[in-house]
Amino acid sequence: MKKTVLSTAFGALALGVAFASPSQAADVSACLITKTDTNPFFVKMKEGASAKAQELGVTLKAYAGKVDGDHDSQVAAIESCIADGAKGILIAASDTKAIVDQVKKAQAAGVLVIALDTPLDPATAADATFATDNLLAGKLIGQWAAATMGENAKTAKIGFLDLTPSQPTVDVLRDQGFMIGFGIDPKDPNKIGDEDDPRIVGHDVTNGNEEGGRTAMENLLQKDPDINVIHTINEPAAVGAYQALKAVGKEKDVLIVSVDGGCPGVKSVTEGVIGATSQQYPLMMAALGIEAIKKFAETGEKPKPTEGKDFFDTGVALVTDKPAAGVESIDTKVGTEKCWG
């Protein structure tokens, strides 16, 4: 089977195209649209989709924005996928509300749309969602942080390093989950920033990368230099936060928790940069998505959610070398065996 890579300028899009063998190329085509092509999570997601597409003889085109939050690029990508006659689109949406109208347009053209990792808002706008239980991922690190702090959790000073101002569902779910796990009333469960618990120093956004994490951490330290717990949207942001803390000699005074479970992130747990992280499995999300598109093209059948949930749950596990009583976890040795990136 041959694989050809086509590079082309498409607005702000980064475009990678993998073709199936000539005898199969006309059968089924699919698109993968991620938030960026640099975040290890989405790099691995693309690898998983590409490998499964090659195995099943599906033609795959992969698109990504320049940065997390690049909504316009995702709109343009969907337009391109519709024009190309794709049978299915896998999307990790940057703006989970704003993308819905474009998703409806694709569905009206007969395209199966599956959300990966990040549910749309509303979640029912997608034909299916393959994702981590992001609320549970947040709860696990919240429970671990509270148990680790013990009595000091009652007087903690907590900062949140979030994703983007548009508050995509994955951002909201992880934030709210952390608060619930830590014992904080999140108020409106669909909104970040309306809570009134005095332990919360504030929120800042990171765009899910190290530079953003560093800047956001610096901003929160200006609000309260005694901050001692940091929830981060992902591990690149967590590493950036650690760099900012280390620059002012506070890296040993702050408990950092995160979500991702990539190999670099698990290594950061081993090294004590991150206290605990909730591990998710992007390879599985992407592979299942390609399988679902193939099946839909052949039978018209749409994927079904995990029993009792409104999405297909691809699993989550807390990774830490400092287990806390009452919080189920795996150590970094096991986490390394399961990690990606």
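**Helix packing and a few loop residues**

I'll start with helix H7 (residues 235-247), whose buried residues pack against strand E7 (158-162), helix H6 (210-223), strand E9 (229-232), strand E10 (255-260), helix H8 (263-270) and strand E11 (276-279). This is a predicted model, in which local features need pLDDT of at least 70 and side-chain atom pairs count only at pLDDT 80 or more, while totals for chains, interfaces and linings use all residues. Residues are numbered from 1 along each chain as its sequence is written, and side-chain values use heavy atoms, with hydrogens and water left out.

Some terms first. Helices (H or I, at least four residues) and strands (E, at least two) are DSSP runs, numbered from the N terminus. Buried means under 20% relative accessible area, exposed means over 50%, and partly exposed is in between, with a 1.4 Å probe and protein chains only. Contact means heavy atoms within 4.5 Å.

Back to H7. The buried residues here are Glu235, Pro236, Ala237, Ala238, Gly240, Ala241, Tyr242, Ala244 and Leu245. The expected span of a helix is 1.5 Å times one less than its number of residues. For the 13 residues of H7 that gives 18 Å, and the end C-alpha atoms are 18 Å apart, which agrees. At the start of H7, a side-chain oxygen of Asn234 comes to within 3.1 Å of the backbone nitrogen of Ala237. After the helix comes Gly249, with a positive phi near 70°.

Next, helix H4 (residues 134-149). Its 16 residues should span 22 Å, and the end C-alpha atoms are 23 Å apart, which agrees. Which residues of H4 are buried? They are Asn134, Ala137, Gly138, Leu140, Ile141, Gly142, Trp144, Ala145, Ala146 and Met149. These buried residues pack against H5, E9, E10, E11 and E13. H4 is followed by Gly150, where phi is positive, near 65°.

Now the helix pairs. Two packed helices are described by the angle between their axes and the distance between the axes. Axes are lines fitted to C-alpha atoms, for helices over the stretch in contact, and angles run from 0 to 180 degrees between N-to-C directions. H4 and H5 pack at about 35°, with axes 6 Å apart. On the H4 side the contact includes Leu135, Ile141 and Met149, and on the H5 side Leu173, Gln176 and Phe182 are among the residues. By class, this contact has ten nonpolar, seven polar and two charged residues. Ala, Val, Leu, Ile, Met, Phe, Trp, Tyr, Cys and Pro count as nonpolar, Asp, Glu, Lys and Arg as charged, and the others, Gly among them, as polar.

The second pair is helix H1 (residues 40-56) and helix H9 (residues 282-299), with axes that come within 7 Å and cross at roughly 35°. Residues in that contact include Phe41, Met45 and Leu56 of H1, and Leu283, Ile290 and Lys294 of H9. The classes are eleven nonpolar, one polar and five charged.

Some single residues next. Gln176 is found in helix H5 (residues 169-182). Is Gln176 buried or exposed? Gln176 is buried, because its relative accessible area is 1%. Leaving aside neighbours within four places in sequence, Gln176 is in contact with Leu135, Pro186, Asp188, Pro189, Lys191 and Ile192.

Ala106 is in helix H3 (residues 100-108). At 0% relative accessibility, Ala106 counts as buried. Beyond four places in sequence, its contacts are Ile78, Ile82, Ile89, Val111 and Val113.

Val316 sits in the loop between strand E12 (312-313) and strand E13 (317-319). How far apart are the C-alpha atoms of Val316 and Ala137? They are separated by 6.5 Å, at 179 residues apart along the chain. Not counting residues up to four places away in sequence, Val316 touches Thr132, Leu136, Ala137, Leu140, Ser278, Gln279 and Tyr281.

Last, the backbone. Most residues other than glycine have a negative phi, and most peptide bonds are trans. The peptide bond from Asp121 to Pro122 is cis, with omega near 10°. Pro122 is in the loop between strand E5 (112-116) and strand E6 (128-131). Asp117 lies in the loop between E5 and E6, and has a positive phi near 70°. Asp117 counts as buried, at 3% relative accessibility. Lys187 also has a positive phi, near 60°, and is placed in the loop between H5 and strand E8 (200-205). At 36% relative accessibility, Lys187 counts as partly exposed.

How values were computed. Polar contact = N/O pair within 3.5 Å; in protein donor to acceptor, adjacent residues only side chain to side chain.
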